[in-house]
Protein chains: 2
Amino acid sequence: MSQLVNQQIAKKRSWTTRRDAKAKRLSKVEKMTCGKVIATENIVQVLEELLVSGDRVVLEGNNQKQASFLSQSLTEINPNKVNQLHMIMSSISRPEHLDIFEKGIANKVDFSYAGPQSLRMAQMLEDGQLTMGEIHTYVELYGRLFIDLTPSVALVAADKADAHGNLYTGPNTEETPTLVEAAAFRDGIVIAQVNELTDDLPRVDIPGSWVDFIVVADKPYQLEPLFTRDPRHITELQILMAMMTIRGVYERHQVESLNHGIGFNTAAIELLLPTYGESLGLRGKICKHWALNPHPTLIPAIESGWVDSVHSFGGEVGMEQYIAARPDVFFTGRDGSMRSNRTLCQLAGQYAVDLFIGSTLQMDRDGNSSTVTAGRLAGFGGAPNMGHDPGGRRHSSPAWLNMMTADDPLAKGKKLVVQMVETFQAGNQPVFVDSLDAIKVRDDANLETTPVMIYGEDVTHVVTEEGIAYLYKTDSIEERREAIASIAGVTPIGLKSTVKSKLKLREKGILALPEDLQIRRTDAKRSLLAAKSVEELVDWSDHLYHPPAKFRSW
Amino acid sequence: MSQLVNQQIAKKRSWTTRRDAKAKRLSKVEKMTCGKVIATENIVQVLEELLVSGDRVVLEGNNQKQASFLSQSLTEINPNKVNQLHMIMSSISRPEHLDIFEKGIANKVDFSYAGPQSLRMAQMLEDGQLTMGEIHTYVELYGRLFIDLTPSVALVAADKADAHGNLYTGPNTEETPTLVEAAAFRDGIVIAQVNELTDDLPRVDIPGSWVDFIVVADKPYQLEPLFTRDPRHITELQILMAMMTIRGVYERHQVESLNHGIGFNTAAIELLLPTYGESLGLRGKICKHWALNPHPTLIPAIESGWVDSVHSFGGEVGMEQYIAARPDVFFTGRDGSMRSNRTLCQLAGQYAVDLFIGSTLQMDRDGNSSTVTAGRLAGFGGAPNMGHDPGGRRHSSPAWLNMMTADDPLAKGKKLVVQMVETFQAGNQPVFVDSLDAIKVRDDANLETTPVMIYGEDVTHVVTEEGIAYLYKTDSIEERREAIASIAGVTPIGLKSTVKSKLKLREKGILALPEDLQIRRTDAKRSLLAAKSVEELVDWSDHLYHPPAKFRSW
């Protein structure tokens, strides 16, 4: 085709179809809104006018903050008016997130995490009530918002707004700015539910230029205290594993910056730093910089001077006042409240920290792990992003260099990716299994690949109550399997290990038993925990931490 | 130590040292500023008061936009007052970026890219005039701003500001929001140079709540048209390689989303889409979604209806009006101008696209490549981030799945990472070498690891004028080396390849010669380019593209 013909075609084409479509939608609701403000009671009616069947709709559902008023309102729109929405949700957390599909309003979903709704979701998929897009880690879903999943509409949640649409998201900024940016700059429509409309924002987290509408929610957005772990439930087995991890991983490799996932295992580590860690003289040497939500179990370590900085994905209910009083440690705005940012914290957690440590429900003999188990399409949230060795990293740190085993001139270091698991889950299910249930889930749900959370090739260490397997030191897949078997206890995988193999691995420094780390199993006592209850965490915080009612027992 | 003792210690400690230090600095300049506004002529004096020796200073130097007024002003401060600054610069581009060190104002640097200053930098390092921190890819440097390199001061550039400090960064938003966020929310001081102070911003890109000071620059910030390639300089060898890439990579693997780096090789691809690509019937099937700066050479493909969307790291000089007239394709704000975002585009370019294609100065027999050559500490900018297989990716696309070779139930796809090089550089230097110069640079500069740009293990395809090596199909390191040798021409590496080896590789589909792709070398003519000059690009753009003077020859 000649250039001239092409240019003729181009001239006939409109280049503002998205902008024009948006203008048309906005004009439809002009009389139903007051500037940027939608009256609470009008939201369903306005959504019915603004949304068009087939739209790609980003609905904010972080793993903590939920745009709950907007998601509830979405279920109330008439499916005869609006249907076949393609929902993009980082977390499918609330029942109505799936009701939207049952009611015929939406039919396709791309997501990252579906913990609480994973069973129902698998069932609905089987029943043909929804079509699966893809399962993502958070940041790859965010990335697609700028490539092939640009949203038509973004429904988000903020604490406060002014009438110009400036938003204050405060401690729970999470993913809001990224979702809004993707929609606002490609002629999508941005609607924010807020707890309060005010002329006087503490600070601006998202400029009004990016926001089309605000609506005051009928009640404050839902916020889950997802990262709160009550120290009372930490077992002595977890304490033993935590001691091994501090000694055999953090101290040995000089881990200065790290991420901790959710769970009692890592809560135990946090609570041992001011006691066991202190006794080893490690304060100021390890665990200084954190990419992590404000875990209440980190309070004793902070108060004892262990922690230089914490950058967070999101907030944590009850920690607001404590954080505001510790600006040297947390990222806070001029108003004193925290600034979180899920995208930037994931980026930091991927590229800028020495270590990721997490847990899993199943691990195979090669070290592949997944939390997707039979009948549950759970997804993985941020774990795949932080729990792999980022191939694009080019800077070094002592811990990263410590993972070098080759003397090849092009050898590089490695991120420490640690899996910390008891050999059996609750219910006496073995964690170490011959084959991941995820393979069956792939087949049942017709997924293109098996939903693996963390691939064995990325795992540098596995810690169980039996010992630590230093996988990064193994030099063949056979040796790697032997190492995993050696700490897999009496699971089917563990029973394959022999005394002779364990001895050889210990000699090579690939297996460490507690005694090899100068840890006596009998020392792993709850008395070692810097705080043994939520009440003690409150004491440590100088009563600045205000736990949610369900964690109060005094 | 008991909890009580710890608590006593904690009580004695101040938790607001950073905030107090900032307040003290601000009070020192109170009389020298008018609200948030610093008078242009006062900047050096104000910097001398705000900066403290040993500060970590982030200085905005993208590979395009430069905070040139602030960097110039920094060289004018008195080193007896302020010294030993630790500079963090994503790009060391301007002479004064190194003058700061020569004058004794700064002594340490962490950076990502030092192209234009790489020779001088290596020399200064050797002479002990500066201390190296680490070399990073852009986003890992950004990540560290939230972990262990939180800035004391951020010096950035914007187009416009109002007196409240709200910033309009427009098409050249680039890395500014990320740098500002890191400083603003950990009690760092944010100073923005602006081209204009106005009450009426086109839109707000960065809220005033995050900005401490603005200063009107003596002249607009420097902006390099770094991504502009004049089609007149595209050779027929580059056209041949571009045809092979379109046929043998993009078409074969159904590449729908991609990033193109800087250079004539990829410019040739862009200019062949509306001609050669059209003749293959590929419009609407490949190259629909782009993570890329607004390359002028993409204009014909856009005008011919090839391009659904372009998200950009930064802007490109002269493309402003064209972009504003094509909002269906580019990310634009309500004011009509583009919004770029280096962090988010890198994230998308890492996680959400099918393919990265780049070039290099040297490649070894294993496919490792580097642009760091003898005496030059260049760094790599964004290439390592986008030019690797992201281990955290969990979603699939046809191209990604196409890279699966194993039938293991846990097998996954792969990002396409393509290196496109002529076998010899200008000056008759072979690109394929026995050993990368980067190894010597590591030794000379005492780096912890060799500065490799892209590791061989990540490269799926190498394209040269000889043919395409499909490295992802090789099943051993030996076969991989044979594949690379087979397309390495008469370089030392290429001479190791035999006729027999080439035949075997072709049979296995690991090597494709042009004829295997139904491409005749004689068809690779400049007449195939949709535009053969900058003037023709302007024509294609309907005169909306306004190239900088140095690209105008008519």
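Reader: Which ring does the charged end of A:Lys473 sit over?

Author: The rule goes like this: a charge sits over a ring if NZ of Lys or CZ of Arg is within 6 Å of the ring centre and within 35 degrees of the ring normal. Here the charged end of A:Lys473 sits over the ring of A:Tyr470, 5.6 Å from its centre. There is also a case across two chains: B:Arg186 lies over the face of A:Phe331, at 5.7 Å from the ring centre. Before going on, keep in mind that this is a predicted model, where local features need pLDDT of at least 70 and side-chain atom pairs count only at pLDDT 80 or more, while totals for chains, interfaces and linings use all residues. Residues are numbered from 1 along each chain as its sequence is written, chains are lettered from A and ligands numbered from 1 in the order in which they are written, and side-chain values use heavy atoms, with hydrogens and water left out.

Reader: And ring against ring: how many aromatic pairs are there over all chains?

Author: Rings of Phe, Tyr and Trp (its six-membered ring) pair if their centres lie within 6.5 Å; planes under 30 degrees apart are stacked, over 60 edge-to-face, and the rest tilted. The whole structure has eight such pairs over all chains. One of them is B:Phe185 with B:Trp210, edge-to-face at 5.3 Å centre to centre and 75 degrees between the planes. That pair links distant parts of the chain, 25 residues apart: B:Phe185 is in the loop between α8 and β10 (189-197) of chain B, and B:Trp210 in the loop between β10 and β11 (213-216) of chain B. Helices (H or I, at least four residues) and strands (E, at least two) are DSSP runs, numbered from the N terminus.

Reader: Are B:Phe185 and B:Trp210 buried or exposed?

Author: Buried means under 20% relative accessible area, exposed over 50%, and partly exposed in between (1.4 Å probe, protein chains only). Both B:Phe185 and B:Trp210 are buried. Another edge-to-face pair is B:Tyr470 and B:Tyr472, at 6.4 Å centre to centre with 75 degrees between the planes. B:Tyr470 has a relative accessible area of 0%, so it is buried, and B:Tyr472, at 11%, counts as buried too.

Reader: On to charges. How many salt bridges does the structure hold?

Author: You look for a side-chain nitrogen of Lys or Arg within 4 Å of a carboxyl oxygen of Asp or Glu. Over all chains, that gives 62 salt bridges. In one of them, A:Glu96 meets A:Arg94, with the closest N and O atoms 2.7 Å apart; both A:Glu96 and A:Arg94 are buried. In another, A:Arg144 and A:Asp148 have their closest N and O atoms 3.0 Å apart. A:Arg144 counts as buried because its relative accessibility is 10%, while A:Asp148, at 21%, counts as partly exposed.

Reader: Which parts does the salt bridge between B:Lys81 and B:Glu48 tie together?

Author: The closest N and O atoms of B:Lys81 and B:Glu48 are 3.3 Å apart. B:Lys81 lies in the loop between α4 (68-75) and β5 (85-91) of chain B and B:Glu48 in helix α3 (residues 43-50) of chain B, so the pair ties together parts 33 residues apart in sequence. B:Lys81 is partly exposed at 48%, whereas B:Glu48 is buried at 14%. Salt bridges can also share partners: A:Glu181, B:Arg203, B:Asp205, B:Asp335 and B:Arg339 are joined that way into one network.

Reader: What about backbone angles: what is the phi of A:Glu174?

Author: Most residues other than glycine have a negative phi. A:Glu174 is not a glycine, yet its phi is positive, about 45 degrees. A:Glu174 lies in the loop between β9 (167-168) and α8 of chain A, and counts as buried because its relative accessibility is 0%. A:Asn446 also has a positive phi, about 55 degrees. A:Asn446 is in the loop between α16 (437-445) and β20 (461-463) of chain A, and is exposed, at 69%.

Reader: How many residues of α8(A) are buried?

Author: Nine of its nine residues are buried, so to speak a mostly covered helix. Among them are A:Pro177 and A:Glu181.
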